Amino acid sequence: GVEAVQNWLPPSWLRSGGKRTTARSKERALALCQLIESHASPDYPSKPSFWKGRYDWFHHSQKSRDFDSEFAQAVTSQSWLPTTQGLKPPTQAYVNTKGLHEQFGDSLPYVTIPVSDVAADCLGVHRDVTSDDIVARLKVLSQEQTKLSIVQRLYRSLDHRAEVDVSVLSA
């Protein structure tokens, strides 16, 4: 039978990742985010076509299977996105919103380059925190001297999340 593999490879600099943010790493990150945004499907939040690879084969009939391309794997797992804490994988980065900054201060790795909503969604950049993130932050703050108002905001946020969860269950 005939077999074919279509796979999208990442640029070589992306495979190696990095730690420090440089002018070159920011330039590359901006270009990569623009590439992702420009190729994302208009049917937002669909991923760009190069996010998927495809394996085709014939065994009694034509068969195929999609898989995450090497490009998609590298772009989501390697440290390349400039943040306030150096280069991070997109899935470990956060959009710097007023609400997040008020609750978490400088403790989160906020993205330091412009990233569109489409690119942020494709890359898995966080716009919000989970309850687990809040609890982890409270544990860190319990070991430090901190403003009571920050701790109170975090507990209110957890309390609000619990109310929302309960209302969803009772609906």
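**From values to terms**

Author: In this predicted model, strand β1 (residues 4-6) and β2 pair in the antiparallel sense over 3 bridges.

Reader: What makes β1 and β2 a pair of strands?

Author: Pairing requires at least two bridges between the strands. Ala4 stands opposite Asp56 in β2.

Reader: How do you know that β2 also pairs with β3?

Author: The two are joined by 8 bridges, against a requirement of at least two, and therefore count as paired. Strand β3 comprises residues 61-68 and runs antiparallel to β2. Asp56 stands opposite Ser64 in β3. In the hairpin of β2 and β3, 1 residue lies between the strands, and His60 takes a positive phi near 70°.

Reader: How many aromatic pairs does the structure hold, and why is that of Phe50 and Phe71 called edge-to-face?

Author: The structure holds 4 aromatic pairs. The ring centres of Phe50 and Phe71 are 4.9 Å apart, which lies within 6.5 Å, so the rings pair. Their planes stand at 80°, and over 60 degrees counts as edge-to-face; the name therefore applies. This pair links distant parts of the chain: Phe50 is in the loop between α2 (23-39) and β2 (52-59), whereas Phe71 is in helix α3 (residues 70-77), 21 residues apart. Phe50 and Phe71 are both buried. Together with Trp51, they form one aromatic cluster.

Reader: Why is the pair of Tyr55 and Trp57 described as stacked?

Author: The angle between the planes is 25°, and planes under 30 degrees apart count as stacked, so this description holds. The distance for Tyr55 and Trp57 is 4.9 Å centre to centre.

Reader: What makes Tyr55 partly exposed?

Author: The relative accessible area of Tyr55 is 28%. Buried means under 20% and exposed means over 50%, so Tyr55 falls in between.

Reader: Which residues of α3 are buried, and how do you know on which side of α3 they lie?

Author: In α3, the residues Phe71, Ala72, Ala74 and Val75 are buried. They cover an arc of only 165° around the axis, so they are on the same side of α3. The cover of the buried residues of α3 includes α1 (12-16), α2 and α5 (117-123).

Reader: What share of the protein chain is buried?

Author: Of the 171 residues in the protein chain, 31% are buried.

Key: Residues are numbered from 1 along each chain as its sequence is written. This is a predicted model: local features need pLDDT of at least 70, side-chain atom pairs count only at pLDDT 80 or more; totals for chains, interfaces and linings use all residues. Side-chain values use heavy atoms; hydrogens and water are left out. Rings of Phe, Tyr and Trp (its six-membered ring) pair if their centres lie within 6.5 Å; planes under 30 degrees apart count as stacked, over 60 as edge-to-face and the rest as tilted. Helices (H or I, at least four residues) and strands (E, at least two) are DSSP runs, numbered from the N terminus. Buried means under 20% relative accessible area, exposed over 50%, partly exposed in between (1.4 Å probe, protein chains only). The arc is that of the directions from the helix axis to the C-beta atoms. Contact means heavy atoms within 4.5 Å.
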